[in-house]
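My notes follow the display.

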Amino acid sequence: MNKKPPLSKSKENYPSLQKWKNKLFLMLRYSRQMNASMPIEKLLEILAKETKEILDADRCSVLLLDSEKKQLEGKIAHGINVDELFFPIDKGLAGFSAKTGKIINVKDAYKDKRFNREIDKKTNYKTKSVLCFPMKNHQEEVIGVFQALNKKEGHFNKKDEELLRILSSQAASAIENAQLYKELKKSFESFINTLVATIDARDPMTAGHSHKVTEYSVLIGKQLGISGKEMQLLEYAAILHDLGKIGVREAILTKRDSLTDEEYKQIKEHVIFTRNILNRIYFQKHLREIPLIAGSHHERIDGKGYPNALKGNAIHKLAKIITLADVFDSITNTRHYRTPMPIEKALTIIKTESNSHFEPQCVKAFMDISLDGLISVLSKDIIVKLKQQELKLFSDYTVGGFLKTIGKKYVKLSNKEKKVIERFNFYYLKGKEKDAENHKRNQRKN
Ligand SMILES: [Fe+2]
Ligand SMILES: [Fe+2]
């Protein structure tokens with residue numbers, strides 16, 4: 001029978017029971033955090049922080065392997081400007097660990113030939129003990145290195161190696177998941193942008209419309225407290241809202257004269273096409289409502305909209321936001337059939353159509369947007385750059401406050417109010433001039 005070591009002996013090798021309890025608690029917290037889905041940068045930050053604590057190390061860094069460049073990149077490192085932290089895979093203890101897939105435990109780094117002193121020099125640090133553990137993915141390929149520096153008391157022991165083995169295997173799968181998710185998101189967004197570019201290409205006059213509607217929607221959404229996955233849903237639905245225009249004949253889309261009833265009917269069908277096309281795309285669970293939301297952007301809360309004449313709460317909350325953003329972008333830009341409206345008129349329309357065309361809460365949220373946010377989107381494609389100082393001036397006003405100001409009699413305006421109106425119109429009209437130029441150029445082309 002195996003005898004348990006006497007208490008006194010275990011005391012030498014193991015920290016106190018309380019310390020182990022603490023470690024266990026930290027490990028549990030660590031595992032929980034690894035399960036949460038979060039952006040990779042945030043994940044790495046937590047990893048490094050928790051590992052440092054669990055191992056009683058002074059510093060901890062997470063280095064990811066860029067196998068194409070054959071280098072390790074420090075994503076998170078305590079006390080170090082991470083921009084400086086990348087080095088070839090054949091350098092340093094971490095490099096050795098990545099290359100060989102082996103764990104490295106060194107008591108005194110300066111006595112080890114493999115140690116790369118440059119980083120210490122750069123960061124004004126004195127490394128003593130080092131523990132490196134290679135992180136491997138499911139295919140057993142090294143994806144990075146976990147590195148703990150300077151054990152607070154003594155040096156890293158076998159128990160620390162074991163702890164780091166557990167931590168890094170959990171970290172590796174969390175990192176792999178986060179990387180996969182990031183890749184997936186990137187490819188999904190490039191796919192969406194390609195779809196949007198095809199709408200833009202069909203009608204240069206409305207090019208940029210989908211992106212601007214998205215930006216206005218985000219501004220309104222933020223005021224309404226929308227965030228996270230719901231915000232992502234809003235953004236994707238907004239950018240795709242007019243996708244169905246792919247199905248409308250170009251001659252109708254770009255017609256300069258007023259439309260016949262039949263042509264107008266065909267234009268209106270674009271929302272049905274939007275919904276049908278999007279229905280064929282597989283969306284992740286939290287994005288499933290994209291077709292419904294995007295396909296409802298011409299509904300009105302008084303039930304006079306299309307395609308389903310839905311009323312009030314029968315319309316998806318996010319669709320109501322896009323509706324407002326869509327109208328605002330339309331009336332403040334040149335269209336084939338009309339010139340853009342003066343800003344006062346455009347804002348007044350939004351305000352007065354509250355409770356008929358638009359959801360009052362959305363109108364309120366729109367009116368609460370800070371004027372600098374609005375002008376940044378409005379003047380997006382003008383050549384003149386917004387001055388920082390003027391953005392500051394605009395930031396003192398909300399859209400609603402600005403509308404009240406332009407409604408005042410000129411003699412009643414303060415100097416600041418005169419200035420904000422004058423500068424706003426400068427940027428707004430500059431944008432409009434550009435619109436008009438594009439319009440003329442397109443007319444000449446046709
Ligand atoms: Fe539309
Ligand atoms: Fe639209």
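**Confidence.** I noted that this is a predicted model. The chain has an average pLDDT of 86, and 87% of the residues reach at least 70. I then looked up residues 7-12, where the pLDDT is below 50. Leaving aside near neighbours in sequence, that stretch has one contact in the model.

**H13 and H15.** I picked helix H13, residues 317-331, and helix H15, residues 360-368. Their axes come within 9 Å and cross at roughly 55°. H13 and H15 are therefore oblique to each other. The crossing of H13 past H15 is right-handed. Which residues make the contact? I found Lys320, Ile321 and Leu324 on H13, and Cys362, Val363 and Phe366 on H15. Five of the contact residues are nonpolar, one is charged and none is polar.

**What is buried in H15.** I listed Cys362, Val363, Ala365, Phe366 and Met367 as the buried residues of H15. What covers them? The cover includes H13, helix H7 (209-223), helix H14 (343-352) and helix H18 (399-407).

**H7 and H13.** I turned next to H7 against H13. Their axes come within 8 Å and cross at roughly 130°. That makes H7 oblique to H13. H7 passes H13 in a right-handed crossing. On the H7 side I noted His209, Lys212, Val213, Tyr216, Ser217, Ile220 and Gly221. On the H13 side the contact is made by Ile321, Ile322, Leu324, Ala325, Asp326, Phe328 and Asp329. I sorted the residues of this contact into eight nonpolar, three polar and three charged.

Note on methods: Residues numbered from 1 in each chain as written. Chains lettered and ligands numbered in written order. Predicted model: local features only at pLDDT ≥ 70, side-chain atom pairs only at ≥ 80, totals over all residues. Axes fitted to C-alpha atoms, helices over the stretch in contact; angles between N-to-C directions. Helix = DSSP H or I, 4+ residues; strand = E, 2+ residues; numbered from the N terminus. Parallel < 35°, antiparallel > 145°, perpendicular 65-115°, else oblique. Left-handed = near helix turned anticlockwise from the far one by under 90°. Contact = placed C-beta atoms within 7 Å. Nonpolar A, V, L, I, M, F, W, Y, C, P; charged D, E, K, R; others polar. pLDDT = per-residue confidence, 0-100. Buried ≥ 20, exposed ≤ 12 C-beta atoms within 10 Å, placed from the backbone.
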